[in-house]
Amino acid sequence: MGRRIIICDGAESARLWSRIGADLSEELTWVPREGEGRSRPPGFRILQGGLDEGAIAKLDPQADEEYALVSDDGPWTRLAVREIRKVDEDASILVLSDELTQEDLPDHASLRRTGWKTLIRDDINEEFDHLANLHRVAKIRRLLDQREKIAILVQPDPDPDGIASAYALRTLLGRKRTTAPIVSFGEVQRPENQAFCEAVGIDVKVIAPEEIADFDGLVLVDVQPNVFGENPPARLKSVDLVVDHHPERSGYEATIRDIRTSYGATSSIVTEYLRATNSELNAKLATALLYGIKSDTQYLGRETSRRDMQSFAFLHASHSPALLRRIERPALPLPGLRALGRALAQAEVRDGIHMLVLGHVREDVIPQVADMALQAQDAEWAIAVGIVNRDIVFSVRNVGYVRAAGEVVRAVVEGLGVGGGHRSMAKGIIPLKAFREVYGRADRAQIRSALYDAFTRAIYRDDG
Ligand SMILES: [Mn+2]
């Protein structure tokens, strides 16, 4: 790379440039203004004779050099651009000015303009954001440092966002699972979330609501007390800390409340805490939080804010791709693969619907097969169906620009079972008993034809 030639209009511009730490590859020159002749800024050489005819040629310019012009003066800048073009017709020129606009500048293909204010303002605002987070963490630590045993409570059947945030908060408090366990009133149920806990090594302890009284500190993460029903234990009406991104609820006291409803994930809030405190971020923690954001926002799609993007990018630099792969693609058991093989032998895509009926399988195989099945040519919908214990369980995926998956599943299970989901992912459960009552048998052929008809009706239903 060639030199950078920095040309400053007057001593003040030159001093500003030396403040930001002039780079060794930069050739620093300045053009004194009237009366500035004597006060040469350190490290700068003077452009002899000012910006007159042939001025740039005196700098011995070579090909591929870059120029920066530091000035708020329109005529000065236009003259400088003209002189530079004389020695290099398509030179790269950066104009640093807060006063000049693009209209004040001559037409030149590789010219960019920016201003000190724009550049520094954004950074300073960001620093204030970090400072606010640091202040928040200092308050949290002051509040909880002296407590003996702190419960970090997540919702019943917690999701990866809640679990990862709780795990990060514990790290932030400098605690271990003995003095700050992650607790829940209901176990982690979804197989993919169990796989997540196992891969990252996070233990969610199930306790009875009364046991909350055994702790002298109570922190709620990704949840607020109203989730625990009409009449939660008294201890839940007055908690130490709430960190959440769900809409703010009333009816409880919290000494510190950090609720940011514009965020797509609580993991993004906690990532800002870690960042503001310059906490060490190991690959495991970074991966857990990254996955927390990814799953709560459906890969930065739904309800994602600029903050989530920033936290995601920050975590991305420290995460472990291998661990993330293990979380997202948990190991498939061999019987599950054999069931998939049998189902694939009958694969067909009709009306954009690709349905694979697996028979008896471990539950976590079903969503993975659904993900894969959407890759079939012409498939707009993928439905993976399996029998788990006494239920027919199915996972649904679609390409995103068709009817919402959650809506379709709710129509399919109506009166038979439960189900729901989002725009492009959904899940449904129909007890075998309920299925038999309507369709007589529940063998694979019957399940396939009944569900196929039900899905076709729900997907292509004309509701005006
Ligand atoms: Mn969440």
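## Sheets, cores and domains in a predicted model

Val183 has Lys205 as its bridge partner in strand S9. That pair belongs to strand S8 (residues 182-184) and S9, which run parallel and share three bridges. The structure is a predicted model.

S8 and S9 sit in an open sheet of six strands, ordered S9-S8-S7-S10-S11-S12. The pairing is parallel. Strand S9 (204-206) and strand S12 (253-259) are the edge strands, and each pairs on one side only. From one strand to the next, the twist averages 30 degrees. Helix H4 (residues 160-172) packs on this sheet. H4 touches strand S7 (150-153), S8, S9, strand S10 (217-221) and strand S11 (238-244). The direction of H4 makes about 140 degrees with that of S10.

**Domains.** The protein is divided into domain 1 (4-114), domain 2 (128-327) and domain 3 (334-460). Between the C-alpha centres of domain 1 and domain 2 the distance is 51 Å.

**Another open sheet.** Six strands follow the order S3-S2-S1-S4-S5-S6, again with parallel pairing. Strand S3 (45-46) and strand S6 (111-114) stand at the edges. Each has a single partner strand, so one side of each lacks a neighbour in the sheet. Strand S5 (residues 92-96) pairs with S6 in the parallel sense, over four bridges. Here Val95 stands opposite Arg113 in S6. Helix H1 (residues 10-19) lies across strand S1 (4-9), strand S2 (26-31) and strand S4 (66-70). H1 runs at about 140 degrees to S1.

**Antiparallel pairs.** Strand S18 (residues 425-431) pairs in the antiparallel sense with strand S16 (residues 391-398), over seven bridges. Ile392 has Ile430 of S18 as its bridge partner. S18 also runs antiparallel to strand S17 (residues 418-421), and four bridges join the two. S17 and S18 form a hairpin, with three residues between them.

| Strand pair | Sense | Bridges |
|---|---|---|
| S5 and S6 | parallel | four bridges |
| S8 and S9 | parallel | three bridges |
| S16 and S18 | antiparallel | seven bridges |
| S17 and S18 | antiparallel | four bridges |

**Nonpolar cores.** In soluble globular proteins, nonpolar side chains tend to be buried together. The largest nonpolar core here has 51 residues. Ala151, Ile152, Leu169, Val219, Val221 and Leu289 touch the most other members. Helix H7 (residues 283-296) gives the most to this core, contributing seven residues. What does Val219 touch, not counting residues up to four places away in sequence? Its contacts are Ile150, Ala151, Ile152, Leu153, Leu169, Asp240 and Leu241.

**Leu131.** Helix H3 (residues 116-144) holds Leu131. Is this residue, Leu131, buried or exposed? Leu131 has 11 C-beta neighbours inside 10 Å, so it counts as exposed; the cut-off for that class is 12 or fewer. Leu131 and Ala347 are 216 residues apart along the chain. Their C-alpha atoms are separated by 56 Å.

Methods. Residues numbered from 1 in each chain as written. Predicted model: local features only at pLDDT ≥ 70, side-chain atom pairs only at ≥ 80, totals over all residues. Domains from an automatic or database assignment. Pairing = 2+ DSSP bridges. Contact = placed C-beta atoms within 7 Å. Axes fitted to C-alpha atoms, helices over the stretch in contact; angles between N-to-C directions. Core = buried A, V, L, I, M, F, W, Y, C linked by C-beta atoms within 7 Å. Buried ≥ 20, exposed ≤ 12 C-beta atoms within 10 Å, placed from the backbone.
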